[in-house]
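Please look through the structure below before reading the comments.

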Amino acid sequence: RVCEDYVARPIHFMKIDVEGAEPEVLAGAARSLDKSAIRRIVFEISREPLLRMGHRIEDVTRPLRAAGYSIRSFDGEEILGTPDWKFANLVALAPGH
């Protein structure tokens, strides 16, 4: 909840690289996500670290999509559904950005 507790303005860019703990980071940022206070989030999907932490790919993509974020590849292609990635670098964009 660092974003919510210490940052009063919108965050323009956030990078998440936590080796499978992405769902915990997103849960901690839930209020900021719901307010679209984080404009762009760069994150990595790595299936094996997620599985070791007891998570699935959907545990990363679901909270972002629920908050209205679109998920895109680095070349700008929107990712729909949940592909069975082994590894991917992605960008989540807040609504309207």
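1. Basis of the note. This is a predicted model, in which local features need pLDDT of at least 70 and side-chain atom pairs count only at pLDDT 80 or more, while totals for chains, interfaces and linings use all residues. Residues are numbered from 1 along each chain as its sequence is written, and side-chain values use heavy atoms, with hydrogens and water left out.

2. The sheet. Four strands form an open sheet with mixed pairing, in the order β1-β2-β4-β3. β1 (14–16) and β3 (70–73) are the edge strands; each has a single partner, so one side of each is left without a neighbour in the sheet. From one strand to the next, the twist averages 25°. As to terms, helices (H or I, at least four residues) and strands (E, at least two) are DSSP runs, numbered from the N terminus. Two strands pair if DSSP finds at least two bridges between them.

3. Strand β4 and its partners. β2 (residues 40–46) and β4 (residues 87–93) are antiparallel and share 7 bridges. Ser46 has Phe87 of β4 as its bridge partner, and Phe43 is placed opposite Leu90 in β4. β3 also pairs with β4 in the antiparallel sense, over 4 bridges; here Ser73 is bridged to Leu90. Of the 7 residues of β4, 5 are buried, so this strand is largely enclosed by the rest of the structure. Buried means under 20% relative accessible area, exposed over 50%, and partly exposed in between (1.4 Å probe, protein chains only).

4. Helix α5. Which residues of α5 are buried? They are Asp59, Val60, Thr61 and Leu64. The elements covering them include α2 (22–28), α3 (30–34), β2, α4 (47–52), β3 and β4. Just after α5, Gly68 has a positive phi of about 95°.

5. The nonpolar core. The largest nonpolar core has 23 residues, and Leu33, Ile41, Phe43, Ile45, Leu64 and Tyr69 touch the most other members. Such a core is a set of buried Ala, Val, Leu, Ile, Met, Phe, Trp, Tyr and Cys residues joined through side-chain atoms within 4.5 Å. β1, β2, α5 and β4 are the elements that give two or more residues to this core. Not counting residues up to four places away in sequence, the contacts of Tyr69 include Leu33, Ile41, Leu64, Ala92 and Pro95.

6. Salt bridge between Arg47 and Asp84. The whole structure contains 5 salt bridges, each being a side-chain nitrogen of Lys or Arg within 4 Å of a carboxyl oxygen of Asp or Glu. In the one formed by Arg47 and Asp84, the closest N and O atoms are 2.9 Å apart. Arg47 belongs to helix α4 and Asp84 to the loop between β3 and β4, so the pair ties together parts that are 37 residues apart in sequence. Arg47 is partly exposed, at 23% relative accessible area, whereas Asp84 is exposed, at 62%.

7. Further salt bridges. Asp59 and Arg62 form one with an N to O distance of 3.5 Å. Both residues lie in helix α5, 3 residues apart, about one turn of the helix. An α-helix has 3.6 residues a turn, so residues three or four places apart point the same way. Arg62 is partly exposed, with a relative accessible area of 45%. Arg72 and Glu78 form another, at 3.8 Å from N to O; Arg72 is partly exposed at 24%, and Glu78 is partly exposed at 37%.

8. His55. Is His55 buried or exposed? With 13% relative accessibility, His55 counts as buried, and this residue is found in the loop between α4 and α5. Its side chain makes a polar contact of 2.9 Å with that of Glu24. A polar contact is a pair of N or O atoms within 3.5 Å; within protein, one must be able to donate a hydrogen and the other to accept it, and residues adjacent in sequence count only if both atoms are side-chain atoms. Leaving aside neighbours within four places in sequence, His55 touches Gly20, Pro23, Glu24 and Leu50.

Terms used:
Axes fitted to C-alpha atoms, helices over the stretch in contact; angles between N-to-C directions. Contact = heavy atoms within 4.5 Å.
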